[in-house]
Amino acid sequence: MFFFLKSLSRSVHDDEEPQEQPELSKTDGGSNDDDLCTSLTVWRKSLLISCNGFTVIDSNGNLVYRVDNYIGGRPKELVLMDGKGNSILTMRRCKNLRLVDTWVIYGGELGDHCTSEKPIFYVKKCINILHTNKSNVLAYVYRPPSDKRYAYTIEGSYSHRSCKVVNEKKRVVAEIKRKDATSGGICFGLDVFVLIIKAGFDPGFAMALVLLLDQMFS
């Protein structure tokens, strides 16, 4: 399996120029050097046969993130883990707003009762009935407790694997790009794509946004 992942990673990144891989920990995308970025290969498949999920590898074929969802359909909770299986972020559907697909993001792993836990972000799907000039907006990302001013917008088309995460300063901090690659006669299509994270933006948080886009638009 990991041999296949390394081959998949090389096939996706073969035609990309070598890039510096900075240590990312912030979530504000505040770096002025847009040339520094991290490129990850996202595979829309769990490593476990009995699960749905995602597998994320870097340009060297190393496993960096994984999602193993035992429940099919529309789960109420998603957990993003690192390569060792440690929980990084937990995402839960908001029960209060039934008309709008809204998710709450928590740090780490939560138990059955999370009333004492404080969310770090929540993501709301954009419902554009009037088809205004903002029709390319997919979702808004807010920092609690405010819901009047968003911290990020996600624009583009997830179904075409072409999205951008834009901060308050209109700066692109992460991108989802389709990658048509063929390895060993297998065409990856939409199940394999590239997540590019600009310096200063947390790659784990960027991957969490990918998971929520998949729930909202798949």
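"Buried" here means under 20% relative accessible area, with exposed over 50% and partly exposed in between (1.4 Å probe, protein chains only). By that rule Gly53 is buried, because its relative accessible area is 13%. Keep in mind that this is a predicted model, where local features need pLDDT of at least 70, side-chain atom pairs count only at pLDDT 80 or more, and totals for chains, interfaces and linings use all residues. Residues are numbered from 1 along each chain as its sequence is written, and side-chain values use heavy atoms, leaving out hydrogens and water.

**Gly53 and its surroundings**
- Gly53 sits in strand E2, residues 52-57 (strands are DSSP runs of E with at least two residues, helices are runs of H or I with at least four, and both are numbered from the N terminus).
- Asp68 is 15 residues away from Gly53 in sequence, yet their C-alphas are 4.8 Å apart.
- Skipping neighbours within four places in sequence, Gly53 is in contact (heavy atoms within 4.5 Å) with Trp43, Arg44, Lys45, Ser46 and Val67.

**Arg93**
- You'll find Arg93 in strand E5, residues 87-93.
- Arg93 counts as buried because its relative accessibility is 16%.
- Leaving out residues up to four places away in sequence, Arg93 touches several residues, including Asp101, Trp103 and Gln215.

**Helix H2**
- Helix H2 covers residues 203-217, so 15 residues, and it spans 21 Å from first C-alpha to last, close to the 21 Å expected at 1.5 Å a residue (the expected span is 1.5 Å times one less than the number of residues).
- H2 is mostly covered, with 14 of its 15 residues buried.
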